[in-house]
Amino acid sequence: MLPLRAPTPWSGGDHHVDRLQLAVRSLRHDSCAARTAREFTSAALRAWELAPLVDDTAVVVSELVTNAVRHGAHGGGGLRPAQDIRVVLCHTESSVLCVVTDPSDQGPRLREPDHEAESGRGLQLVQGISQRWGWAPLESRGKAVWAAFALPSKATRHLEACH
């Protein structure tokens, strides 16, 4: 985890981030990518003293990684070994941003789930659990799918820590 303490412009607005912490994990050649991503997310959030966000954030990261494996890495006829899936977690004073990158240029599509299908509900979960979500193409190739979570108040974090 890399703490960056210099003022950093955030999202083009007038707001500056006084403190930014990053955690990055590559999932290349990981046969248990979703589980690895959940464990990585849980460890990072606990290290940042954000245990109340662990459950929701781990579910969302797991869904984003599952989509990246199914549609991003394997989606056009086989795995592209030169590129991999990455999880990037960004912690600021007010939020946690979870980003999953993959080598596919095709963006995710939120769709109505088929109630008889065994899959197809992942982005519905992401939308329902996170504060916001979206995606952006990467400059070189691929995309980044992200979900944002507001931080719990310090009082809530203190009460959770007491259990």
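Me: Which elements do the buried residues of α3 pack against?
Reply: This is a predicted model, with pLDDT of at least 70 needed for local features and 80 or more for side-chain atom pairs, while totals for chains, interfaces and linings use all residues. Residues are numbered from 1 along each chain as its sequence is written, and side-chain values use heavy atoms, without hydrogens and water. Helices (H or I, at least four residues) and strands (E, at least two) are DSSP runs numbered from the N terminus, and contact means heavy atoms within 4.5 Å. The buried residues of α3 pack against α2 (54-73), β7 (132-137) and β8 (143-150).

Me: Within what arc do the buried residues of α3 fall?
Reply: Buried means under 20% relative accessible area, exposed over 50%, partly exposed in between (1.4 Å probe, protein chains only). In α3 (residues 122-129), Gly122, Leu123 and Val126 are buried. They line one face of the helix, because seen down its axis they fall within an arc of 95 degrees. The arc takes directions from the helix axis to the C-beta atoms, and its value is 95 degrees.

Me: At what angle do α2 and α3 pack?
Reply: Axes are lines fitted to C-alpha atoms, for helices over the stretch in contact, and angles run from 0 to 180 degrees between N-to-C directions. The axes of α2 and α3 lie 9 Å apart, and the angle is about 150 degrees.

Me: Is α2 roughly parallel or roughly antiparallel to α3?
Reply: The packing angle is about 150 degrees. Angles under 35 degrees count as roughly parallel, over 145 as roughly antiparallel, 65 to 115 as roughly perpendicular and the rest as oblique. That makes α2, relative to α3, roughly antiparallel.

Me: Which residues of α3 meet α2?
Reply: From α2 come Asp56, Val59, Val60, Glu63, Leu64 and Asn67. Their partners in α3 are Gly122, Leu123, Leu125, Val126 and Ile129.

Me: Which residues is Leu64 in contact with, leaving aside neighbours within four places in sequence?
Reply: Leu64 is in the set from α2 that meets α3. Its contacts beyond four places in sequence are Cys98, Val100, Leu123, Val126, Val145 and Ala147.

Me: Is Thr101 buried or exposed?
Reply: Thr101 sits in strand β6. Beyond four places in sequence, its contacts are Asp84, Ile85, Arg86, Leu138, Lys143 and Ala144. Its relative accessibility is 14%, so Thr101 counts as buried.

Me: How many Å apart in space are Cys32 and Thr66, C-alpha to C-alpha?
Reply: Cys32 is in the loop between β4 (20-26) and α1. Cys32 counts as partly exposed, because its relative accessibility is 30%. Thr66 is 34 residues from Cys32 in sequence, and their C-alpha to C-alpha distance is 9.9 Å.

Me: What is the phi of His29?
Reply: Most residues other than glycine have a negative phi. His29 is in the loop between β4 and α1, and is exposed at 68% relative accessible area. Not a glycine, His29 still has a positive phi, of about 60 degrees.
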